[in-house]
Amino acid sequence: SLFHFPTTAAETRPDETEEMREFEREIFQQLGEVGGTSEKEMLDASVGQISNIVVVGMKNFCSSEAILNRACLVLHNLSLNEEYHSILLWTPNCYQMLEWCLGNYPHDHVLQQSAGGTIQRLNATLSADEELRARFTHSIRSQQQHSLELARQEAVMLQEQQREQEQAQMDVS
């Protein structure tokens, strides 16, 4: 044969000791015991955490097009499984961040495709279920109300700080 492909661990890594290979076998055996859980089962159990972490990252790094691009791709990939649509819809600010990305990064074609495709799939799920749509609409309104209340509280706090600074300046003069 023209080509020789290594067939054993010793051929692949000749400098590796038997002890290291034994240790590796033990690790893989332990992983195999845990490995009764399929990749899908692990994803099913983690999709809520994943989507939440992604959206928090999107909010924290909203000026990083590269991060938002990748985040939209992750959400897009999750949305390919219809079973995950309700999780994405109930992930706080997920839908809004996707819309925000569409509006703020019009020249990033990958982001546009992934965010737009995700929103289309979520909208199709909402269109097919009137009760889900009503609950989602109520949830969005509640989130908006909460955001407005936080903004109002921040404005009041800033006004109070400004008054205190003005009073302190008057006291000094």
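Modeller: A helix axis is a line fitted to C-alpha atoms over the stretch in contact, and the angle between two axes, taken between their N-to-C directions, runs from 0 to 180 degrees. The structure above is a predicted model, in which local features need pLDDT of at least 70 and side-chain atom pairs count only at pLDDT 80 or more, while totals for chains, interfaces and linings use all residues. Residues are numbered from 1 along each chain as its sequence is written, and side-chain values use heavy atoms, with hydrogens and water left out.

Colleague: Before we use those axes, how many helices and strands are there in the protein chain?

Modeller: Both come from DSSP runs numbered from the N terminus, with H or I over at least four residues giving a helix and E over at least two giving a strand. Here the protein chain has eight helices and zero strands, so that its pattern along the sequence reads α-α-α-α-α-α-α-α.

Colleague: At what angle do the axes of helix 3 and helix 4 cross?

Modeller: Helix 3, which covers residues 39–60, and helix 4, which covers residues 65–79, have axes that come within 10 Å and cross at roughly 155°. Angles under 35 degrees count as roughly parallel, over 145 as roughly antiparallel, 65 to 115 as roughly perpendicular and the rest as oblique, and helix 3 and helix 4 are therefore roughly antiparallel to each other.

Colleague: Which residues of helix 3 meet helix 4?

Modeller: A contact means heavy atoms within 4.5 Å. Leu43, Val47, Ile50, Ser51, Val54, Val55, Gly57 and Met58 are the residues on the helix 3 side, and they meet Ile67, Leu68, Ala71, Cys72, Val74, Leu75 and Leu78 of helix 4. By class, this contact has 13 nonpolar, two polar and no charged residues, where Ala, Val, Leu, Ile, Met, Phe, Trp, Tyr, Cys and Pro count as nonpolar, Asp, Glu, Lys and Arg as charged, and the others, Gly among them, as polar.

Colleague: Is Val74 buried, exposed or partly exposed?

Modeller: Buried means under 20% relative accessible area, exposed over 50%, and partly exposed in between, with a 1.4 Å probe and protein chains only. Val74, which sits in helix 4, has a relative accessible area of 32% and is therefore partly exposed. Apart from its neighbours within four places in sequence, Val74 is in contact with Ile50 and Val54. Over the whole protein chain, buried residues make up 25% of the 173 residues.

Colleague: How do helix 4 and helix 7 pack?

Modeller: Helix 7 covers residues 109–128, and its axis lies 8 Å from that of helix 4 at an angle of about 35°. On the helix 4 side the contact is made by Leu68, Asn69, Cys72, Leu73, Leu75, His76 and Ser79, while helix 7 supplies Val110, Leu111, Gln113, Ser114, Ala115, Thr118 and Arg121. This contact has seven nonpolar, six polar and one charged residues.

Colleague: Where do the axes of helix 7 and helix 8 cross, and at roughly what angle?

Modeller: Those two axes come within 5 Å and cross at roughly 115°. Thr125, Leu126, Ser127 and Ala128 of helix 7 make the contact with Glu130, Leu132, Arg133 and Phe136 of helix 8. These residues divide into four nonpolar, two polar and two charged. Leu132, which belongs to helix 8, residues 130–172, counts as buried because its relative accessibility is 7%. Leaving aside neighbours within four places in sequence, Leu132 is in contact with Leu89, Trp90, Thr125 and Leu126.

Colleague: What is the phi of Asn93?

Modeller: Most residues other than glycine have a negative phi. Asn93 has a positive value, near 70°, and is found in the loop between helix 5 (85–90) and helix 6 (94–104). Asn93 is partly exposed, at 21% relative accessible area.

Colleague: How many residues apart along the chain are Asn52 and Asn93?

Modeller: They are 41 residues apart along the chain, yet their C-alpha atoms are separated by 8.9 Å. Asn52 lies in helix 3 and, with its neighbours within four places in sequence set aside, is in contact with Thr91 and Pro92. For the protein chain, residues 24 or more positions apart account for 62% of the contacts with a separation of 6 or more.
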